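Here are my notes on the model you sent over.

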Amino acid sequence: MTQTSHDRLLIIDFGSQVTQLIARRLRELNVYCEIHPYQNVTARFLSDFKPKAVIFSGGPASVLDQASPRPPAEVFDLGVPILGICYGQQVMMHMLGGTVQRGEGTAEFGRAYVTPAQERIDLLYGWFEAEREQVWMSHGDHVSAIAPGFAVYGTSPNAPFAVTADLDRSFFAVQFHPEVHHTPNGAKLYENFVRLAGFDGDWTMGAYREEAIRKIREQVGDAKVICGLSGGVDSSVAAVLIHEAIGDQLTCVFVDHGLLRQGEAEEVVTMFRDHYNMPLIHADEQELFLSALEGESDPETKRKTIGRLFIDVFQKHASEVGGASFLAQGTLYPDVIESVSFSGGPSVTIKSHHNVGGLPEKMGLKLVEPLRELFKDEVRELGRELGLPPSFIGRHPFPGPGLAIRCPGEITREKLDILRKADAVYIDQIRRHGLYDEIWQAFVAILPVRTVGVMGDGRTYDFACALRAVTSVDGMTADYYPFSHEFLGETATRIINEVKGINRVTYDITSKPPGTIEWE
């Protein structure tokens with residue numbers, strides 16, 4: 001459990017697919033919150049955590065089933081405001097004396113409209129200005145009788161108890177999901193709830209920066225720390241923050257595996273070694289990686305080869321530091337949440353996709369993870385607070401295996417060189433047209449086919465490439481970016497004219513799902 005000086009809101013997770021969105025909405029209001037699976041939340045946990053308010057998430061279960069998820073009964077005796085959402089409403093009613101029935105003809109999935117049932121309570125301040133509010137419903141069971149002490153303050157055609165509250169105890173419950181964007185005024189409901197709970201919005205990046213520096217110094221003392229610097233936003237922000245805390249006790253190891261974008265290695269080394277005057281080992285291991293990958297076409301083998309070599313190389317160069325006791329990682333809060341099994345109880349295992357997965361055990365190091373309480377957008381905000389260049393903070397995500405997974409089929413040095421040049425032209429086009437910040441991620445994939453073309457009076461037989469650009473909030477789902485035909489035509493012309501080896505350009509319009517953002 002994280003220890004913090006901030007007032008804390010506890011989100012008890014019952015398995016909803018959108019629980020993280022609740023936390024995102026609260027963080028946007030400068031409220032510190034943590035998500036914990038219901039089975040981890042015991043009476044002892046509540047006593048230690050001391051939440052100032054509690055939110056029950058939605059979930060796929062039915063409260064009518066045996067062994068369905070429950071919060072501890074002691075949560076209702078804490079004397080703090082509670083907000084139940086969807087399943088959270090049903091479990092609140094069920095445990096406090098109301099009635100929940102199976103969804104027989106009253107299920108709601110999708111857009112619905114809530115109208116006020118009586119006077120508008122403070123939870124709904126700013127609602128119903130147009131007499132009804134659009135919300136997003138996703139429930140089978142429904143509340144058929146509310147618990148003693150509760151009253152109805154909002155209804156929908158299939159949810160007569162869409163908004164209920166016991167004002168004396170500050171217990172609130174809604175059948176819909178205010179955290180999703182399909183409930184346009186949902187953020188206002190959360191704002192009202194945290195105001196009612198007495199939060200003063202002290203969760204700021206300035207305050208977090210000071211607190212994180214203090215914690216790093218307390219944890220590390222005078223020991224040495226090594227950091228696997230990938231050049232991505234997460235590891236970069238972690239490195240700058242730790243360096244601000246302990247200075248030259250930190251040494252970064254940047255493994256250049258030859259699968260980076262054009263000019264990327266030079267940019268990273270220059271920024272950290274020269275601008276921040278940070279101890280940095282630039283491990284130029286391109287030959288090792290590219291030799292091992294030469295001719296490899298299986299995507300899983302590519303990933304495993306890169307991961308294995310990265311660990312070997314990092315360990316080799318980290319030994320040059322001598323006497324390091326800690327390994328720094330850019331672990332984020334979504335990684336922590338996803339590493340805790342909803343049905344399997346507590347876990348501190350970090351997801352294996354991290355570049356340095358396995359190193360702490362192998363090298364006998366303890367972990368320093370100063371970003372493990374933050375979401376991606378908060379990391380970018382912290383980076384701005386630390387003074388990292390805006391152009392660096394706003395960079396699109398880049399996968400750990402790099403260009404290897406943007407080169408479907410056999411990997412060759414020729415294809416990687418062509419890919420780098422084409423990608424540079426594409427990103428330059430996006431920047432020239434002022435579109436970079438509108439796009440979550442954009443890149444070129446070089447396809448494992450050659451096509452016939454005509455350039456001048458000659459015949460060509462070169463590679464085809466696919467342009468990819470998506471919009472997304474968190475990378476879990478994504479839509480393709482709707483470039484104009486003029487942009488696509490101009491970009492294709494530039495790539496074919498400026499990049500020797502490509503004579504055909506396509507645009508990938510697959511959403512996620514069913515596709516993925518990357519090609520492999």
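Two strands count as paired here if DSSP finds at least two bridges between them. Helices (H or I, at least four residues) and strands (E, at least two) are DSSP runs, numbered from the N terminus.

Before the points, a word on where this comes from: this is a predicted model, local features need pLDDT of at least 70, side-chain atom pairs count only at pLDDT 80 or more, and totals for chains, interfaces and linings use all residues. Residues are numbered from 1 along each chain as its sequence is written, and side-chain values use heavy atoms, with hydrogens and water left out.

1. Start with β11 (residues 171-174). Valine 163 sits opposite valine 174 of this strand, and alanine 165 is opposite phenylalanine 172. Both belong to the antiparallel pairing of β10 with β11, which has four bridges. On the other partner, β4 (residues 82-85) runs parallel to β11 and is joined to it by four bridges, with isoleucine 85 opposite valine 174.

2. Are the side chains of β11 buried or exposed? Phe171 and Ala173 point one way, Phe172 and Val174 point the other, and all of them are buried. "Buried" means under 20% relative accessible area, with exposed over 50% and partly exposed in between (1.4 Å probe, protein chains only).

3. β10 (residues 159-166) is mostly covered too, with seven of its eight residues buried. It pairs antiparallel with β9 (residues 151-156) over four bridges, and glycine 154 stands opposite valine 163 there. A two-residue hairpin links β9 to β10. The hairpin from β10 to β11 has four residues between the strands, and serine 170 in that turn has a positive phi of about 55°.

4. Have a look at threonine 164, which is in β10. Its relative accessibility is 0%, so threonine 164 counts as buried. Beyond neighbours within four places in sequence, threonine 164 is in contact (heavy atoms within 4.5 Å) with a set of residues including Gln89, Met93, Ile146, Tyr153 and Phe172.

5. Now the parallel sheet. Strands pair through backbone hydrogen bonds, either parallel or antiparallel. Here five strands make an open sheet in the order β14-β13-β12-β15-β16, with parallel pairing. The edges are β14 (280-284) and β16 (366-368), each pairing on one side only. Neighbouring strands are turned by 30° against each other on average, direction ignored. Between β13 (residues 250-256) and β14 there are five bridges, and valine 255 has alanine 283 of β14 as its bridge partner.

6. Which strands does α5 touch? Helix α5 (residues 205-220) packs on the sheet against β12 (224-229), β15 (324-328) and β16, and its direction makes about 165° with that of β16. Angles run from 0 to 180 degrees between N-to-C directions, and axes are lines fitted to C-alpha atoms, for helices over the stretch in contact. Helix α6 lies across β12, β13, β15 and β16, at about 160° to β12.

7. Helix α6 (residues 233-246) also packs on α12 (residues 376-386), at an angle of about 45° with the axes 10 Å apart. The two helices are therefore oblique to each other (under 35 degrees is roughly parallel, over 145 roughly antiparallel, 65 to 115 roughly perpendicular, and the rest oblique). Among the residues making this contact are Val237, Val240 and Leu241 of α6 and Val379, Leu382 and Leu386 of α12. By class, the contact has seven nonpolar, one polar and four charged residues; Ala, Val, Leu, Ile, Met, Phe, Trp, Tyr, Cys and Pro count as nonpolar, Asp, Glu, Lys and Arg as charged, and the others, Gly among them, as polar.

8. α12 meets α5 as well, where the axes come within 9 Å and cross at roughly 80°. That makes α5 and α12 roughly perpendicular to each other. Met205, Gly206, Tyr208 and Arg209 of α5 meet Glu378, Glu381, Leu382, Glu385 and Leu386 of α12.

9. Finally, α12 itself. Its buried residues include Glu378, Arg380 and Gly383, and the buried residues of α12 pack against α1 (19-28), α5, α6 and α13 (390-393). Glycine 387 follows the helix, with a positive phi near 90°.
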